[in-house]
Amino acid sequence: MRNTLFSKYFAICAGLIMATLVFVGGTFLVLTSNNFRAEKYEFLKRNTDIAAALTLNNYWENGQSYIEREIVTASYSILAGACDAEFFLTDAQGKTLLCTEGHACRHRSYTIPDRILEKAEAGSFSDLGFLGGIYKGQYFTVASPVILEDGQLLGVVFASTSAKSLTLSSMHTLKLFLLASVTVMAVSFIVLYFVTRRMTRPLTTMARVAQSFGKGDFSQRVKVDRLDEIGQLSLAFNNMADSLSVMESMRRSFIANVSHELKTPMTTIGGFIDGILDGTIPPERQEAYLRIVSSEVKRLSRLVRAMLGIAKIESGEVELNPASIDIHDVICSIIFTFEQRIEEKNLDIRGLDCDKVYIEGDQDLIYQAMYNLVENAVKFTGQGGYLEFSFQPSGNSVCIGVRNSGKGISKEELPRIFDRFYKSDTSRSLDKTGVGLGLHIVRSVINLHGGEIVVRSVENEYCEFLVTLRQPKNSQTRLKKSSNMQ
């Protein structure tokens with residue numbers, strides 16, 4: 001099997017199940033064996049205590065002179081039959097006096113060691129073994145002392161039974177446990193197989209889909225049919241795929257747009273230069289065509305500068321130098337740079353009848369963003385139209401509005417107005433010099449400052465951009481009415 005996540009997870013879980021069963025089985029066998037041994041010792045001890053009491057009673061009945069062998073042996077035999085054990089009585093020196101085995105007693109040729117007698121006299125002897133070599137196999141053996149009133153040890157009653165019962169019980173328990181374990185493992189492995197397969201299937205699908213992404217195919221998706229972590233991962237994976245698809249589409253569109261924007265001026269420049277060099281363009285007209293070439297070169301320069309600016313902003317290379325900026329003053333200075341074009345179109349400038357309005361931002365970047373907005377407004381406002389500015393404080397922010405009359409922007413175009421190289425004026429009748437990056441730069445700059453920009457428009461009436469930027473701390477925005485500025 002391949003070294004896959006499925007095989008690893010299955011092997012780990014299977015190993016844990018088997019290790020758990022082995023541990024539980026071993027623990028269970030030890031506990032049952034100890035319990036069986038304890039019960040056996042307790043049962044034998046109760047009977048040897050009875051046998052010791054009967055022996056002492058018989059000794060008293062015979063005037064403390066002797067023990068009637070037949071009566072005591074008969075009593076021992078009854079107890080031995082009940083316990084399935086051998087009972088025998090030794091004197092204080094460990095020599096066997098009587099035994100339930102009769103003439104075939106194997107205890108008479110052995111003497112119980114002193115260490116065993118000492119434990120027996122103390123009343124705490126129980127053993128699983130050979131009883132000092134008397135037995136050739138393992139036996140459970142317990143002993144109860146027969147003690148006189150003066151504390152003298154009269155003898156010791158021993159009871160021994162073969163430990164084969166323990167082995168048989170352990171083997172029976174082991175067989176039952178193995179049968180149960182095999183059943184549990186079979187069921188567990190089957191369930192584990194399907195559970196693991198279900199858990200890893202989305203990951204396998206993600207790996208396959210990711211490979212297709214590497215080949216440029218972003219159409220495939222992972223099926224989301226669960227709400228756990230795997231389901232959330234699948235959903236995030238699909239969202240990532242959507243983003244990659246959009247980014248790929250934007251990349252292709254970007255390349256196509258850049259190619260188009262570069263191709264047109266370069267073709268113009270190349271054609272006119274070749275015409276001048278080969279004499280196709282007469283000397284008296286060369287200056288006019290060189291002016292066109294100069295204009296196209298400037299256009300290429302603007303395009304390159306805009307693209308570099310966007311690249312720096314999006315890569316995080318631009319470091320902000322925040323300062324308190326009078327945005328009203330910034331817009332007024334920008335308006336003066338367009339004074340000639342404003343006068344040519346006879347535009348009415350409104351909303352600059354207020355005092356200082358402070359925002360926090362980078363002076364150069366904010367100037368560039370507002371310049372682009374004002375430039376667009378001037379460019380797309382028709383003859384005799386108006387430009388209107390508004391400054392509305394809201395909490396710790398200021399909303400700056402730039403509105404111009406004119407054709408406006410259609411509802412279909414509004415979602416794309418901030419895209420790179422997008423131009424609502426597709427015919428370029430009004431925007432002959434732009435490259436479609438101005439508004440994209442504006443949004444990038446505003447986002448870099450943590451602000452927001454939205455656009456709203458009514459076709460054939462107006463278009464308005466609303467920029468929200470933070471105010472400096474402890475600043476006051478002062479607005480007062482005055483006459484319109486024209």
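Is F88 buried or exposed? F88 is buried, because its relative accessible area is 0%. Buried here means under 20% relative accessible area, exposed means over 50%, and partly exposed is in between, with a 1.4 Å probe and protein chains only.

Before I go on, the ground rules. This is a predicted model, where local features need pLDDT of at least 70, side-chain atom pairs count only at pLDDT 80 or more, and totals for chains, interfaces and linings use all residues. Residues are numbered from 1 along each chain as its sequence is written, and side-chain values use heavy atoms, with hydrogens and water left out.

Now the chain as a whole. The protein chain has 486 residues, and 38% of them count as buried. It contains ten helices and twelve strands; these are DSSP runs numbered from the N terminus, H or I of at least four residues for helices and E of at least two for strands.

Back to F88. Which ring goes with it, that of F158 or another? Start with the rule: rings of Phe, Tyr and Trp (its six-membered ring) pair if their centres lie within 6.5 Å, and planes under 30 degrees apart count as stacked, over 60 as edge-to-face and the rest as tilted. By this rule there are ten aromatic pairs. One of them is Y76 with F87, a tilted pair at 6.1 Å centre to centre and 45° between the planes. Y76 is in helix α2 (residues 69-83) and F87 in strand β1 (residues 86-91), so this pair ties together parts eleven residues apart in sequence. Y76 and F87 are both buried. The ring of F88 pairs with that of F158: the centres are 5.1 Å apart and the planes are at 10°, so this pair is stacked. F88 belongs to strand β1 and F158 to strand β5 (residues 153-162), so the parts tied together are 70 residues apart in sequence. F158 is also buried, with a relative accessible area of 0%. Elsewhere, F36, Y41 and F140 make up one aromatic cluster.

Next, charges over rings. The rule asks for NZ of Lys or CZ of Arg within 6 Å of the ring centre and within 35 degrees of the ring normal. R350 lies over the face of Y386, 4.1 Å from the ring centre. The charged end of R403 sits over the ring of Y462, at 3.9 Å from its centre.

V191 is located in helix α4 (residues 164-214). Its relative accessibility is 46%, so V191 counts as partly exposed.
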